[in-house]
Amino acid sequence: MHLFTLKNIFELLPIVRMINTVFFPCDTDGNTTAVDCYGRPLTSFSFIRSPTVVSLNLSETKILQLRQHALSGVPNLETLEIKGNCQPGDLRALEDRSCKMEIHDDAFKRLLKLKYLYLSGNSLTTIPWLPESLMVLDLQFNNIFNILQPLNTPNLQILHLNSNCFYVNPCNQSFNISERVFRELPKLKILTLGYNNFSAIPKGLPPSLERLDLKENRITEVLEYAFANLTLLNDLNLEWNCQRCDHAARPCFPCPGNLPLGLNPHSFYAYEIQHRLPQLERKLFNLKGLDLSDNLLAYTIRNGTIFAELKGLTWISLIYNYEPLWTFREMILSPYFGNMSNLQRLLLTGNFFHTLSLESLDIVSKLQNLKVLELRMNFINTCNMTSLKRSTSLINIDLSQNMLNFHPCCSSPSFQIGQQESCQNQKSYSHNFPDQTLMLIDRKATSGSDTWEYNHSERLALFENNVSQIPSLLDFKKKFCNGKLLLDLSQNDILSINNNMFVGMENAVCLNLSYNYMNQALKSGLFKNMKKLVVLILSYNRLDFYYKDALSELKETLKVLDVSGNEFHFQMRGMGHRFEFLQNLTNLEFLSLANNGIGMRIDHRLISRSLKYLYFSGNHLDIMWDSDNKYTHFFQNLTNLTFLDISDNHLASITPEVLVNLPGSIETLSISNNLLKYFPWQNISALANLCHLNLSQNFLYYLPHTVIEFGVDFSLLDLSHNHLTNIPEGFFRMATSLHYLYLSHNQIKALNHQFLPAPFKNGSALQKLTLHANPFKCDCDTSWFADFLRTTPVQIPYLTTDVHCDYPESQQGVSVLSMDQRSCQDIYGGLAFVVCSFFAVAFTVLPLLKHLYGWDLWYCLQVLWAGHKGYSQLAGRDSQYRHDAFVVFDTQNRAVRDWVYNELMVILENTGHRRFSLCLEERDWIPGLSCIENLHNAVYNSAKTVFVLSSGATGGERVTGVIRQAFFMVQQRLLDEKVDAAILVLLDEMFPKLKYLELRKRLCRKSVLSWPRNPRAQPLFWNQMRMALSSDNLRSYDNNMSESFI
């Protein structure tokens, strides 16, 4: 049978409700009865006006003033919280040093139904007028230390006045509260006055009190009959009044002379004896809990008589009452402890002794109802467990944080006092002075059992809703140890396990041996006398699990085994490891192998038919699954496994082979806190029973655009703390039973409403969705997303506080819900007006233009259309020249020849809309004519003459006779015909800067072209060449040049 079923898990989750933004940015339930503005940067709340509001939370806001009619809009208010808006003293943040909370004296006068008022942490100096209906009043962490006038609250049941006058919030005087105030509180049940500098028990306390808290004051003595008339008192806390200051972690104020708290024989009598008749002398029979911790009561514990009065106590705390700079050889309990016949919990942590005396053990055995005995941090090095066994009612013995080592010479039941002393001498600790480092541990230090529980519960805080959905070791402890004998020996000096050390512990059901110094290989028979052991904690030692028969004596009973943190042997190079012993534990359900650094030289498979929960985090599956597939089937033979945690294993990816070879029975799989960039989603169908998948805190950056076959019971997917940028539409199409989807802390900017993922659509099974800490884009294209968030029935945590815009920059940090649809409508409306105006003008003007200039427009369009289709003017028909250009170049220069024939001629004659007719010396001159005649014909029969120039081998200009004569003819033509036909093309940047070239550039820059070296600029060159050949050079002359000069 599974520890938890899905039905149980869902019952733990909060009820899904639709978000109501009527009081945005505050959260509101569907009926607008509860408004939560906690943590919002509000300076006022005038927008909250509704007669249906009965609960209002304004804590941790910027509201520092409450005017007379500020709450008039919520007349039916029953609960009001305004906490932590202006903390007092050193509790105040640096940026709030000058804050001041002001509450008008009549601010609550109209709230006739107010029952619960919380005003802690506001630096108030006075108490405003309070309605008579008030039942709970919280005034902690203020500056109220002088209360003289009645509160006029006859129905008040709980009053919190803690921390109004102490070292962090000093008032430099003793707290004063008038007896008249108490007299007019006839129904008061709970009163907390801790941290208030009281020097004595307040007088006139109301007889209705059931719980009184006076911890950490300066009360030096509890006088006789100090609690007169408190016959209903159930719980009394007098902790840390006579403070010990030898190792205090904060400001400390000891009693005068460093004396202990003064307790008189009749301190806990209900009222004074009148007429001296014994039958009228009544004790606090209803007192069930008493806390006398940290009051230097070491000798009171040994011989005090006050315990004789406390017959009704069910628990008493006497922790940290050690005598400064002294450790007792043995703990002696006052014989009057035996009078507390109803005692169930006895807390004796931090009293510094080496052993419990036989007399004290006898007293403990007489407490027939005692269930919990806490003896933490006492430097105990010897403990007679056989004597403790006589206390048959004990179910929790806490001996953690001591010096027990169960040395063989000290483990025999017949161990005598003389032998005990010899064993004690083996210790290196001072007999009278405790270890200073241990004494530094705060008096509220976590117990060994708490440490053991924390390691696993912390690791399983998988989800961000503070709801534990995955069972932890604490859950198993509650299941199997509740009402059963639990023995905690963690954080001691145990070096090894042997048979004799468990004498007297045979009935233990739960045993904690974590955080010791055990360095040994586990073998069969070490726990042979513990026939009832169900839970065994061996974490954080140096144990080796090589032997196959290890723990075989527990195969019928052991269900929970924690061997995490035993990495010492696993880190030894070349040493082999085996887990064959697991096959023998036929009832084992829970196994933790976490934080062992397991990565190589171990069994290729884990084999167990009973194991249901396996914690394998903090190991090296990255090494195991990257070693030639030897460990691909590592978990496959755990045939009954339902939960597997492989988080923190340095995994960069999981191959399809690994996923399909996981046990098919798995219901919950945690792969969080790894380095995953790839996950084989297509193979997840192999885990048909999978319900929960945790992939948080990885590096996943995409989800496939394919439909994934999730199982019919798949209900939870955690993808938070990854790098996802979008959610594909089809990815969740078959996740019909998905209830919880966590997408917070990713890089999601927007969701497409046309391709909205299936879980987001109406009618899906989704109940909870996390989206906070994503860089959402907030513009008109995504404005629909705000509407979706407002109207969806899906629960979205932190929606009004942490779902923010990140783009554009002007909206950065603004809540997504603050997007105003009307602003988008204004933008679209303006755009529509411009478009409509354009069409109106166009349809008015076009007919008019057609009537007046129709023929001209038609002709222009035809010309443009012809040009678009590639038509051009036929060359030569209306021209007086045979050729468009005569190209003159050095025919002896191979580079120039190559450029002319392969570049110039090809581009100008064979490509483009306008194809030019060129005249070339070697191609077009007539054979038989003299050179000068051919040159003359070429120059005068061509519209332009193109001179292709290049520097010679020596770097100077290279001008042949043909080029020179052609140049003279062109110049003569300029003088005779007023025709400038010269175009100069420089192929070399090194061509000399001749005076003519410089003058030509100033006169007509468009007729001097340079061949570019960058191939991307060549199209521009050819365009300039075509323009030069097609245009008249004279029109391109500089305006500063006159025609007479030409």
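Q: Let's start with T79: is it buried or exposed?
A: T79 counts as buried, because its relative accessibility is 17%. Keep in mind that this is a predicted model, so values like that one are computed from predicted coordinates.

Q: Where does T79 sit, and which residues is it in contact with?
A: T79 belongs to strand β5. Setting aside neighbours within four places in sequence, T79 is in contact with V54, S55, L56, L114, Y116 and Y118.

Q: What should I do with coordinates where pLDDT is low?
A: Where pLDDT is low, the predicted coordinates should not be read in detail.

Q: Good to know. New topic: how many disulfides does the structure hold?
A: There are 7 disulfides in the structure. One of them joins C26 and C37, with the sulfur atoms 2.0 Å apart.

Q: What does that pair tie together?
A: C26 is in the loop between α1 (6-12) and β1 (27-28), while C37 is in the loop between β2 (34-36) and β3 (55-57), so the link ties together parts that are 11 residues apart in sequence. The torsion about the S-S bond is 110 degrees, and the link is right-handed. Both C26 and C37 are buried.

Q: What about C86: which residue does a disulfide join it to?
A: C86 is joined to C99, at 2.1 Å from S to S.

Q: Is the disulfide of C86 and C99 left-handed or right-handed?
A: Right-handed, because the torsion about its S-S bond is about 85 degrees. As for burial, C86 counts as buried at 2% relative accessibility, and C99 counts as buried at 14%.

Q: And how far apart are the sulfur atoms of C778 and C805?
A: The sulfur atoms of C778 and C805 are 1.9 Å apart, and the two residues form a disulfide. C778 lies in the loop between β34 (776-777) and α13 (783-791) and C805 in strand β35 (residues 805-807), so parts 27 residues apart in sequence are tied together. The link of C778 and C805 is left-handed, with -90 degrees about the S-S bond.

Q: Are C778 and C805 buried or exposed?
A: C778 is buried, with a relative accessible area of 6%. C805 is buried too, with 2%.

Q: Let's switch to helices. Which residues of α18 are buried?
A: Helix α18 covers residues 931-940, and its residues N934, L935, A938 and V939 are buried. Looking down the axis of α18, the buried residues fall within an arc of 130 degrees, so they line one face of the helix.

Q: What do the buried residues of α18 pack against?
A: They pack against β36 (883-888), β37 (918-920), β38 (942-949) and α19 (961-977).

Technical notes. Residues numbered from 1 in each chain as written. Predicted model: local features only at pLDDT ≥ 70, side-chain atom pairs only at ≥ 80, totals over all residues. Heavy atoms only, no water. Buried < 20%, exposed > 50% of the residue type's maximum accessible area, 1.4 Å probe, protein only. Helix = DSSP H or I, 4+ residues; strand = E, 2+ residues; numbered from the N terminus. Arc of directions from axis to C-beta. Contact = heavy atoms within 4.5 Å. Disulfide = S-S within 2.5 Å.
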